[in-house]
Structures are given as structure tokens and as C-alpha cells.
Amino acid sequence: MALHASIFLFFFFPPVFLLHVLLPQRRVKNGLLLAASLIFCAFGQWQGIPVLLLSAAAAYGAGTLLGRVRGKKAVLSAALVLQLGLLGSLKYLDFLTEILNGALGLELAGPAWPMPVGLSFFTFKAIAYTVDAYRSGGAEGRRFGDVLLYLSFFPQITSGPIARFDQFAPQLEQRSPNAEQAAKGLRRFVVGFAKKLLLAGLTAPIVNSAFSMGDGLDVRLAWLGAVAYMVQLYVDFSGYSDMAIGMAAMFGFETPENFQYPYLAASITDFWRRWHISLSSWFRDYVYIPLGGSRKGKVRAAVNKAAVFVLCGIWHGAGWTFLLWGAWHGLLSALETLGVINCKNLQKTALGRAASRLYALLAVCLGFVVFRAGSLAEAFSVLGAMFTGFGLTPASTLVLERISPAAWCALAAGIAACLPLGPKAVQWADRLSPEGRRRVTAASYGGAVALFALCLLAAAGSGFQPFIYGQF
């Protein structure tokens, strides 16, 4: 079940929200959200429910034991081995089998186990819970149901954001949802819905054409496809985050932001402060800092960053393209740390700032080509066309001629969505009179209603397209 699917929008979410409003006690409301979350997960892949329960039990049990035993490191290690073992066996065993077959000439069959909904995300939450319990001396007195709800909370489980338990748990007891908060949450949900359906969905054909062109790809379509994918990925993933944050707000939960206009970054380091913030924060707190962070000099910090990004690439998927994408970001981040690529000096002049942003955009764009490609051969084919495909081909010309006006408009609107136009509009509205602000607020809700209607029309006229990050 996806957040933009009809069954979710019209048959799952409305009754859950209505019951949440009507139920009197917060503890009962929490029980409703837990039941709804487990149903949501079971609908997507019911065979994954035991894995979710085992991961939650390992996190909860380790947290409880850490407050009672002396051998805390042994408890922590056992819990992490179990959690990472579940992730590794279910997500990477097929890929490892493929590598082994290629290296030794074997024909072993991978297990092809079903992938639980949100496996990567709830595993990282479980690890964060366990490590935080270790660092604080234990997590006695907590309820298993709260931990299970934290891992399975249905607005966040498919693609994050990866909230921390210490952020989530107090809201189980103290949140006070109201009509204004619900309305704002619903408005943000609709904005994310529109990003997905109207922008990412209409941009997808451009991307798909470019990456499936093969030898017929020339420099024009190659660059257009690469830029279109940057836009598609951002509006798709940030659209999901908007939907998740807005939906959680309707239930009274505050969720950490996951994006801060990443394509305005002035370096790769800056990009990862703005892109998928909850994931980069997780890797910083639970991998980079335990490895030593920047405490042991620039060289060690550069090595640690490179290792973190390789792991980040592998986390995204079991494939050589993801590994290469992570290594690319790790290399550039390490070079920035060592001062070989010195973006800070470039920031001292207007021309330098422009050059720094252009470098970051180009680096991210090239990396995303590898990220999107179905294989290394396809990635190098597209990259080759971007820099050497100057012989214009009839196949690319035909594709460019057949791009619809709606797709061009979606691409332009998607580029606008990558810019901080929303915050600037809010700043402008704040300078208005109270009456003016009320009119702007009313207009924003009216626009949300119109956007939702437009999204329904778009959904009715097109096939279902899953969120890009849902596969990770």
C-alpha cells in the first residue's frame, strides 16, 4: 500500500483518522495507530511482519537488558548482529550469491526472500534505539508497544524520515492534535501528493526515454534525461516526505524535516546537510562518529567519510551502481575534507560562490546518473553520451519531438520546486496585515483543494507509479 494509492487515500486513511479523533484516551489512540501501522505493513508484504516483530523485540529486549546487566557491550553486539543480519540476509544475499556465481563460475540460486515493507528504514530505527539505550545506560520501563509503533508508524515506514525514539516517544503521551494542526498537515500532504503525481509522474517519461535509449542516445537527450532525473527524484522523495510529515501532523506528531533545498548546495558536504537529512544524520551519529569522526586529523576524517558514503550507497540497494554512487560521493567528500577541493575559499567571491554551486550540481548530477541506471554498462553509456554524443541521432530527435507540453511544464515546475520559493512567499505573507494574512491562508487552502482534484484527475488517467525511494 502506498500513500498515494486510492485504497490508502479513500479506504484506509479516512477511517483511521476519524477514529483517532473520536477515541477519548491517548493510550487508545496509540493502540489504534499501532494496529493501523501493522495492517499497513501486512498489506504491503504480510510475510515481513515476523521480521518487523523480531527487530522490535531485539531492540526492546536489548534496551531493557542494558539497564540490568554488566556485560552491556555483549548485549549491544548481539542485538546489532541480529538486526544487521536480518537486513543483510533479506536485502543482500541475492546480490552476494550473484557475485559468488560470477567469481567462481557457479550457478547457485539466491533465496529470493520477500522484502518486508520499510526494511531498511525500520532496521535503522531499531539500531538507533539500541545504540541510544546503550549510551544512556539502558531503556527500562518502556513499553514494547511504543517501540513497535516507533518502528512501524505507517506515515514514516516506507521512506522515512528516520526519526529518533527520543523525538517520537514523548509525543505518544503529550501530543494535543487540533483542527488547525490537522488542516495544516492535510495541506502539506496535498502539496506532497501533487509533487508526486503532477511533477514526478509527468517528468518520468523523459527520464525513462533517456535511460532506455541505448546507442541512439545523443548529448541533447542525455543531459535532458540527467537533469530531469535530478528533478524527478527530488520532487518524488521530498513529496513523500511532505506527505509523511503532513499526515503525522494530523495525528499530532512533529516529524523532522528531510530536505533543505539540496540543489542550492555549495559542496558535496553541504549537499548532504540538505539531502535526506535524517539518513545523513543517522550515518553521522551511528557510523562516522564511532569510527572517530574528525577527532584524529584530516586524513582519518577523510577515510571515515569515504567509508560512510560507501555504506550509504550499499544501504540504498544491492547493486554495483549503488556502490559506485556511494564511492563517488565518498571520494568527493574526502577530497573536500583534505582541502584538495576547497569550496570554502571559493565562497569568498560572487564568482567563486557560483562556481562552487555549479561544481556541486554537476557532481550530484553525474552521481545520480549512476544511481538511476539499471547497470554499470547503462550508466557509462549515458555518461558517455553526455560528454561525447555530439553526433545527433534520429532516435533522440524523435523522442525530443514527442515530449508532451505537460511534461515540459512539469519539468519547469519541478525546477521551481527545487528553489526556496515557498519560504519566500511565507516571508512576504508575514509582512501583510492580519486581514491580508487571513486571505492568503484561505487562498492556500483553496489552492490545496484544487491541487487535490487535479491529482485525482491525473491519477485516473495514468498508471500507478510507486515512490522511487520505496524500493530502498
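The legends below describe close-up views of a predicted model.

**View 1. The largest nonpolar core.** This core has 131 residues. Phe154, Trp275 and Phe368 have the most contacts inside it. Helix H11, residues 219–250, supplies the largest share of the core, with 18 residues.

**View 2. Salt bridge between Asp242 and Arg188.** The two side chains meet at 3.0 Å, N to O. Asp242 belongs to helix H11 and Arg188 to helix H10 (residues 179–211), so this pair links distant parts of the chain, 54 residues apart. Asp242 is buried, at a relative accessible area of 9%, whereas Arg188 is partly exposed, at 25%.

**View 3. Salt bridge between Glu257 and Arg188.** Arg188 also meets the side chain of Glu257, at 2.8 Å from N to O. Glu257 lies in the loop between H11 and helix H12 (268–274) and Arg188 in helix H10, so the contact ties together parts that are 69 residues apart in sequence. The relative accessible area of Glu257 is 38%, which means that this residue is partly exposed.

**View 4. Salt bridge between Lys196 and Asp236.** The side chains of Lys196 and Asp236 meet at 2.6 Å, N to O. Because Lys196 is in helix H10 and Asp236 in helix H11, the pair ties together parts 40 residues apart in sequence. Both partners are buried: Lys196 has 4% relative accessibility, and Asp236 has 1%.

**View 5. A network of salt bridges.** Arg188, Lys195, Asp242 and Glu257 are linked in this network. In the whole structure, the search finds 14 salt bridges.

Note on methods:
Residues numbered from 1 in each chain as written. Predicted model: local features only at pLDDT ≥ 70, side-chain atom pairs only at ≥ 80, totals over all residues. Heavy atoms only, no water. Core = buried A, V, L, I, M, F, W, Y, C linked by side-chain atoms within 4.5 Å. Buried < 20%, exposed > 50% of the residue type's maximum accessible area, 1.4 Å probe, protein only. Helix = DSSP H or I, 4+ residues; strand = E, 2+ residues; numbered from the N terminus. Salt bridge = Lys/Arg side-chain N within 4 Å of Asp/Glu carboxyl O.
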